[in-house]
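Biologist: Can you put the model up? I'd like to go through its pockets and helices with you.

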Amino acid sequence: MGIEDYRNIIDTIDANIGALLNERLNACREIGKLKKENNIPVADESREKEVIEKVVLAGEDDINKKAICNIYKKIFEETKGLQK
């Protein structure tokens, strides 16, 4: 396969990731509302750690696992901003 073939694969994956991120962000906004109503802090380090531990398992090697961890840390940063 050539570069264009891989780019087409990536385009399809990116469309799926975008849709799933949109769903995740909407759910995070709703959680933010519930946290505010119930005086629950936005940050939940134990939950973040739990999520990262689960999603990192998808990484096929240490490089991918580190990248997934870093991506999720950024996702948490963004979602905490939405929840404030």
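This is a predicted model: local features need pLDDT of at least 70, side-chain atom pairs count only at pLDDT 80 or more; totals for chains, interfaces and linings use all residues.

Biologist: What volume does the largest pocket have?

Modeller: About 320 Å³. A pocket here is an open set of points on a 1 Å grid over the protein atoms alone, where a 1.4 Å probe fits, with protein on both sides within 12 Å along at least five of seven lines. The volume is the space filled by probe spheres set on the points, which are joined across faces, edges and corners.

Biologist: Which residues lie nearest its centre?

Modeller: Ile17, Ala67, Ile68, Ile71 and Tyr72, out of 13 lining residues. Lining means having an atom within 4 Å of a point. α1 (3-37) and α3 (62-83) are the elements that give two or more residues to that lining. The largest share, 6 residues, is from α3. Helices are DSSP runs (H or I, at least four residues), numbered from the N terminus.

Biologist: And by class, what is in that lining?

Modeller: 10 nonpolar, 2 polar and 1 charged. Ala, Val, Leu, Ile, Met, Phe, Trp, Tyr, Cys and Pro count as nonpolar, Asp, Glu, Lys and Arg as charged, and the others, Gly among them, as polar.

Biologist: How much space is in the second largest pocket?

Modeller: About 270 Å³. Its lining has 15 residues, with Ile31, Lys35, Arg47, Phe76 and Gln83 nearest the centre. Two or more residues come from each of α1, α2 (45-56) and α3. α1 gives the most, 5 residues. The classes split into 7 nonpolar, 2 polar and 6 charged.

Biologist: Switching to rings. How many aromatic pairs are there?

Modeller: The count is 1 aromatic pair. Tyrosine 72 and phenylalanine 76 have ring centres 6.2 Å apart and planes at 65°, so the pair is edge-to-face. The rule pairs rings of Phe, Tyr and Trp (its six-membered ring) with centres within 6.5 Å; planes under 30 degrees apart are stacked, over 60 edge-to-face, the rest tilted. Both residues sit in α3, 4 residues apart, about one turn of the helix.

Biologist: Is phenylalanine 76 buried or exposed?

Modeller: Phenylalanine 76 is buried, at 7% relative accessibility. Buried means under 20% relative accessible area, exposed over 50%, partly exposed in between (1.4 Å probe, protein chains only).

Biologist: What else is buried in α3?

Modeller: Cys69, Ile75, Thr79 and Gln83 are buried along with Phe76. These residues cover an arc of only 125° around the axis, which puts them on the same side of α3. The arc is taken from the directions from the helix axis to the C-beta atoms. On the other side of α3, Ile63 and Lys66 are exposed.

Biologist: Which residues are buried in α2?

Modeller: Glu48, Val51, Ile52 and Val56. Their arc is only 120° around the axis, so they lie on the same side of α2. The face turned away from the buried side carries exposed Ser46 and Lys54.

Biologist: Last one. Where is asparagine 39?

Modeller: Asparagine 39 is in the loop between α1 and α2. Its phi is near 50°, a positive value in a residue other than glycine. Asparagine 39 is exposed, with a relative accessible area of 73%.

How values were computed:
Residues are numbered from 1 along each chain as its sequence is written. Side-chain values use heavy atoms; hydrogens and water are left out.
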